[in-house]
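These are my notebook entries on one protein model. I looked up its overall form and then a few residues.

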Amino acid sequence: MTRLDVGEALAARLFATEAAIDQALASAASLAAALPVARVDAWLSATAGQRAFTETAATISALADARAHIVQTHHTLAALARRLGL
């Protein structure tokens with residue numbers, strides 16, 4: 001296996017990880033958007049489901065942090081690939 005082969009395999013895993021984080025972020029955002037609508041549709045008090053909304057928002061924040069980290073990983077690996085001439 002050549003360095004280029006190794007680099008291509010890592011790139012594929014990196015892109016898959018980036019896509020998975022983006023999909024999780026989109027899914028969590030969709031849930032966050034649905035929660036207040038569900039509360040209103042069910043004629044519930046504003047206090048109903050607040051903990052679920054807060055936890056979903058925290059999930060979105062954590063996923064945004066994860067996305068920032070994987071972007072930094074991408075930059076780091078791209079710089080290494082350039083140094084190696086890949």
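**Entry 1: terms.** I first noted the cut-offs for accessibility: a residue is buried under 20% relative accessible area, exposed over 50%, and partly exposed in between. I also noted that the model is a predicted one.

**Entry 2: a pair of charged residues.** I applied the cut-offs to D22, whose relative accessibility is 33%, so D22 counts as partly exposed. R67 has a relative accessible area of 37% and is therefore partly exposed as well. I then looked up what joins them: R67 forms a salt bridge with D22, and their closest N and O atoms are 2.5 Å apart. The pair links distant parts of the chain, since R67 lies in helix α2 and D22 in helix α1, 45 residues apart. How many salt bridges does the rule count? The count comes to one.

**Entry 3: the overall form.** I looked up the secondary structure and found two helices and zero strands. The radius of gyration is 19 Å, well over the 12 Å that the globule rule gives for 86 residues, so the protein is more spread out than a compact globule. Along its principal axes, the C-alpha trace spans about 60 × 15 × 15 Å.

**Entry 4: contacts and surface.** I considered the contacts between residues at least 6 apart in sequence; of these, 78% join residues at least 24 apart. What share of the 86 residues counts as buried? I recorded 10%. The protein exposes about 6,300 Å², and carbon and sulfur atoms supply 64% of this area.

**Entry 5: a nonpolar patch.** I looked up which residues form a nonpolar patch on the surface, and found L4, L77, L80, L84 and L86. Together they have about 390 Å² of accessible area. I checked one of them, L4, which is placed in helix α1, residues 3-41. L4 counts as partly exposed because its relative accessibility is 44%.

**Entry 6: the loop.** Where is W43 found? I located W43 in the loop between α1 and α2, the latter helix covering residues 50-83. Is W43 buried or exposed? With 80% relative accessibility, W43 counts as exposed. I also recorded its backbone angle: phi of W43 is near 55°, a positive value in a residue other than glycine. I noted this value because most residues other than glycine have a negative phi.

Conventions:
Residues are numbered from 1 along each chain as its sequence is written. This is a predicted model: local features need pLDDT of at least 70, side-chain atom pairs count only at pLDDT 80 or more; totals for chains, interfaces and linings use all residues. Side-chain values use heavy atoms; hydrogens and water are left out. Patches are made of residues with over 30% relative accessible area and no salt bridge: like charges are joined within 9 Å, nonpolar side chains (Val, Leu, Ile, Met, Phe, Trp, Tyr) within 5 Å. Accessible areas come from the Shrake-Rupley method with a 1.4 Å probe; for residues, only the protein chains shown count as cover. A salt bridge is a side-chain nitrogen of Lys or Arg within 4 Å of a carboxyl oxygen of Asp or Glu. Helices (H or I, at least four residues) and strands (E, at least two) are DSSP runs, numbered from the N terminus. Buried means under 20% relative accessible area, exposed over 50%, partly exposed in between (1.4 Å probe, protein chains only). The radius of gyration is taken over C-alpha atoms; the globule rule is 2.2 Å times the number of residues to the power 0.38. Contact means heavy atoms within 4.5 Å.
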